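Subject: Structure handover, aromatic rings

Hello,

Please find the structure below. My notes on its aromatic rings follow.

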Amino acid sequence: MMDLNPVRRLLGVKLKPQFFAPVMKGPPGNPEYFMLLHRPGQWPKHDWTSKHFVPATEDEMRLFTLRRQRYGELFPGFLDSNPGSRFGFRYPNARLDPDHMPKSMLLKKKVILDEYLMPGLSLDHDPAKRFSDAFLLVRKEMKDAIQSLDSDLCQFFPFSFRLKTGEVTEEFFIMHVPNRPTADIVMEKSGATKQFRDREVMKNGLPEAYWTPPSEDIIRKGLLVIKRPSAPEKPLYFCDRWMIFSRALAEKIRPQIPKVDDLYPVHVDGDA
């Protein structure tokens, strides 16, 4: 189909989205990297809410304040320019203090946590959702696998789920990655769509174009293409909203991944 966007740009009309079809015909034969993704039609539960646990708002707000103050000390001026910032579980470029981290959550009753969003589980202690952090939880097997390949990549903080009786029902680790290695998608080769903003929106300083990443079906078919990571020695990378694992890490964690998930190979741009 003819691309009429150059004409539309001259006329000052909003440009049409452009779809870039995958260029690969199948998965790589000897993959170096894998993406963790749900199997087709398989979904963990997402309704992890305060009906499952007893909110610890006061204690979490105390810890949140300590984490926020420390981050502000490390990066002066950041909090002043981002007064309402919710960090999620990122806190980029900074190591967290163990004394500032939550240690446990009180459950109202036993819960089969493997049925929920794993290996990560978002925690939110603030019912009003004004200020809170969401942490990535992993099991010991994941922690041990990552540390066996790179002992300094992540920080791990013990975290447990308990009942009112004092019984510990599950034990995890909060995983924090101070400096996140990234793996970027080659959008033009991966079935992504280039979207365009209208001129009125662009007046706010936003760029004309942005990408809508490929669908998960494209990833499951092994058609995703990534740029070679800038730190290829790392076992774990963050790619858009997903995580990518090196082959060595994928082999170690494959026996532990939830039954609703699988590891899908990805291509590296420029490789045969």
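How many aromatic pairs does the count come to? Rings of Phe, Tyr and Trp (its six-membered ring) pair if their centres lie within 6.5 Å; planes under 30 degrees apart count as stacked, over 60 as edge-to-face and the rest as tilted. By this rule there are six aromatic pairs.

One of them is Y71 with Y91: the ring centres are 5.5 Å apart and the planes meet at 70°, so this pair is edge-to-face. Y71 lies in helix 2 (residues 57-74), while Y91 is in the loop between helix 3 (78-81) and strand 4 (104-107), 20 residues apart. Helices (H or I, at least four residues) and strands (E, at least two) are DSSP runs, numbered from the N terminus. Y71, F75 and Y91 make up one aromatic cluster.

F161 and F172 are also an edge-to-face pair, with 5.7 Å from centre to centre and 80° between the planes. F161 belongs to strand 6 (residues 155-162) and F172 to strand 7 (residues 168-176), eleven residues apart.

Buried means under 20% relative accessible area, exposed over 50%, partly exposed in between (1.4 Å probe, protein chains only). Y71 is buried at 5%, and Y91 is buried at 0%. F161 is buried at 0%, and F172 is buried at 2%.

This is a predicted model: local features need pLDDT of at least 70, side-chain atom pairs count only at pLDDT 80 or more, and totals for chains, interfaces and linings use all residues. Residues are numbered from 1 along each chain as its sequence is written, and side-chain values use heavy atoms, with hydrogens and water left out.

Regards
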